[in-house]
Amino acid sequence: MIGPLLGTLLAGGLAALDATPVAQTLVSQPLVTAALLGLAWGDWPTALAVGTVLQILAASTLPIGARTPEEYSVGGVAGTGVALLLAAAAPFEHMRQAAALVGTLVGMTAATLHVPVVRWQRRQNEGLARWCEASLRAGNEAALTHAQWAAVAMAFALGVAACGAWLALAHSASAMIERESLRIAGVWHLLQPFWLGFGIAQLLHAFVQRRLERAGVFAAALVAAWLVIVAGAP
Amino acid sequence: MSRLRRATLFRIGLRANLLQATWNFERQQGLGWAFALAPALRALYPDRAERVDRLAEHTAYFNTQPTLASIALGAAARLEEERSQGLGGDAEGMARLKSVLGSTLAAVGDRLFWFTLRPFAAVLGVLLAMVNREPLMGAAAMWAMYAIPHLVLRFTGVGWGYREGPGILSGAFRVRLERAMRWIAVVGCALLGILLAWALAPAGEPRAIEVQSALAGGLGLGLLTAQRARPSPTRWALALGILALGLVLLRRGA
């Protein structure tokens with residue numbers, strides 16, 4: 001289990017980098033990190049269950065202007081990592097579902113609680129920027145590169161630390177979750193479709209933008225797809 | 001004659017990947033902007049004191065959508081080139097260029113990348129993951145759908161901005177972008193319809209009535225809460241999740 005745990009911590013750091021400081025290619029999005037962690041832990045169903053719900057919610061969370069949105073990069077890794085860690089403890093279907101529910105809740109909580117951390121990080125960057133400008137004025141051309149890499153290292157370390165903290169917390173609560181797993185699994189049975197519907201509605205609102213013809217496209221696709229899926233089933 | 005070589009423009013594109021590394025509330029992307037532009041300044045200003053002076057000037061406030069920032073970087077490199085050759089351009093002109101391009105590119109880029117392409121890629125990824133019952137293909141499709149245009153624009157945008165200058169956003173290019181955004185949103189609506197149909201009856205097997213009701217309940221509440229920007233969808237989803245879990249766990253003795 002040490003290998004997947006270390007992989008999860010590394011994924012947390014790399015996701016924190018991709019989210020804003022480096023490249024921004026969507027590698028940090030929950031579905032992508034869930035796929036990678038599912039591969040590392042050898043558990044696709046749990047990774048898929050948590051990854052799809054967190055991804056649907058993350059898609060309607062946008063970094064516009066100076067707004068600091070929920071950090072689903074760290075949230076995605078923490079949530080999926082916690083679910084996989086708990087699911088690995090007991091190989092039963094109800095435990096996997098309980099782990100998925102706890103992982104999804106941890107993912108959303110971690111995404112929300114990481115916002116003040118990111119704000120703190122950005123305030124530290126202000127200090128770096130002031131130091132950099134003063135150094136440049138003093139003739140130190142390399143200050144710019146040093147400031148950039150210092151900020152990258154800080155973001156990576158915070159991502160690793162946050163994921164580590166959530167994994168440790170989940171590990172300490174694993175006995176209680178295992179004990180209540182049957183009832184928690186029952187809640188997952190209803191909450192998963194509820195969250196999926198909730199996220200789909202947010203995205204639908206973003207795409208339709210009060211245009212009737214787009215709502216019509218959605219309705220037509222829903223009916224047609226339902227007929228094809230149901231009629232085409234063996 | 002042009003003094004900036006292709007390799008220099010490529011290095012600017014490469015460094016644009018760190019545009020937001022030192023993002024802060026004061027200068028926002030200012031430091032990253034100067035870091036990305038440094039290869040051009042190194043090529044244009046052999047005198048160290050002058051180069052450092054220019055670098056410090058570029059650390060001032062700048063913010064835009066990070067993918068399309070490459071276009072602004074290219075246009076700024078062109079203006080710096082003219083400035084270094086004494087063909088016009090000064091600090092005030094550079095500040096004006098950054099301000100105009102920053103806001104214009106943000107207006108186009110935020111809508112294209114954040115409001116349209118990213119949600120579209122997510123819907124495609126989730127749909128493929130649910131249909132395949134494993135997340136790998138969905139994750140790959142989602143990543144490719146967003147990252148390929150993002151990285152292509154990041155690297156080619158510098159040369160584009162360098163050749164065309166600030167005029168790049170006028171006329172046909174903007175019209176094409178608007179049309180692309182409209183079509184992506186329409187296809188996104190269709191994909192959401194398919195996703196919902198699959199969630200109701202995965203692989204043709206309709207799910208239990210209580211599951212379909214929960215999906216419909218989420219959809220209804222989602223449409224209601226989407227009318228307001230605050231609190232965020234995550235807080236709604238989290239609060240309802242904790243409430244449901246809490247109620248079930250509190251009924252322990254019942």
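Predicted model: local features only at pLDDT ≥ 70, side-chain atom pairs only at ≥ 80, totals over all residues.
Colleague: Where do I start with chain A? What are its elements, helices or strands?

Modeller: Chain A has 9 helices and 0 strands. Read from the N terminus, the order is α-α-α-α-α-α-α-α-α.

Colleague: What box do the C-alpha atoms of chain A fill?

Modeller: Roughly 75 × 50 × 25 Å, taken along the principal axes. Of the 234 residues in chain A, 56% count as buried.

Colleague: How do I read the contacts by sequence separation? What share in chain A joins residues at least 24 apart?

Modeller: Take the contacts between residues at least 6 apart in sequence. In chain A, 76% of those join residues at least 24 apart.

Colleague: Now a single helix. What span does H9 of chain A reach?

Modeller: Helix H9(A) covers residues 212–232, which is 21 residues. From first C-alpha to last, H9(A) reaches 30 Å, close to the 30 Å expected at 1.5 Å a residue.

Colleague: How do I read the sides of a helix?

Modeller: Start with the general idea. An α-helix has 3.6 residues a turn, so residues three or four places apart point the same way. Now the case here. In H9(A), the buried residues are Arg214(A), Val217(A), Phe218(A), Ala221(A), Ala225(A) and Ile229(A). They cover an arc of only 95° around the axis, so they sit on the same side of H9(A).

Colleague: Which residues are exposed on the other side of H9(A)?

Modeller: Leu212(A), Glu213(A), Gly216(A), Ala219(A), Val223(A), Leu227(A) and Ala231(A) are exposed there.

Colleague: Let me try H8 of chain B. Which of its residues are buried?

Modeller: First its span. H8(B), residues 209–225, has 17 residues and reaches 24 Å, close to the 24 Å expected. Buried in H8(B) are Ala214(B), Leu215(B), Gly218(B), Leu219(B), Gly222(B) and Thr225(B). These buried residues fall within an arc of 140° seen down the axis, so they line one face of H8(B). On the other side, Ile209(B), Glu210(B) and Leu224(B) are exposed.

Colleague: What covers the buried residues of H8(B)?

Modeller: The cover includes H8 of chain A, along with H7 and helix H9 (233–250) of chain B.

Colleague: H7 of chain B keeps coming up. Is Leu191(B) in that helix buried or exposed, and why?

Modeller: Leu191(B) is found in H7(B), residues 172–200. Leu191(B) counts as buried because it has 23 C-beta neighbours inside 10 Å, and the cut-off for buried is 20 or more.

Colleague: Which residues are in contact with Leu191(B), leaving aside those within four places in sequence?

Modeller: Val123(B), Leu124(B) and Leu127(B). The C-alpha atoms of Leu191(B) and Phe120(B) are separated by 8.4 Å, though the two are 71 residues apart along the chain.

Colleague: How do I read a nonpolar core?

Modeller: The general idea is brief. In soluble globular proteins, nonpolar side chains tend to be buried together. In this model, the largest nonpolar core has 154 residues, of which Leu37(B), Met142(B) and Leu192(B) touch the most other members. This core draws at least three residues from each of domain 1 (6–207) and domain 2 (208–254) of chain B. The C-alpha centres of those two domains lie 36 Å apart.

Colleague: What does Leu37(B) touch, not counting residues up to four places away?

Modeller: Leu37(B) touches Ile12(B), His58(B), Leu73(B), Ala76(B) and Ala77(B).

Definitions and conventions: Residues numbered from 1 in each chain as written. Chains lettered and ligands numbered in written order. Helix = DSSP H or I, 4+ residues; strand = E, 2+ residues; numbered from the N terminus. Buried ≥ 20, exposed ≤ 12 C-beta atoms within 10 Å, placed from the backbone. Contact = placed C-beta atoms within 7 Å. Core = buried A, V, L, I, M, F, W, Y, C linked by C-beta atoms within 7 Å. Domains from an automatic or database assignment. Expected span 1.5 Å × (residues − 1). Arc of directions from axis to C-beta.
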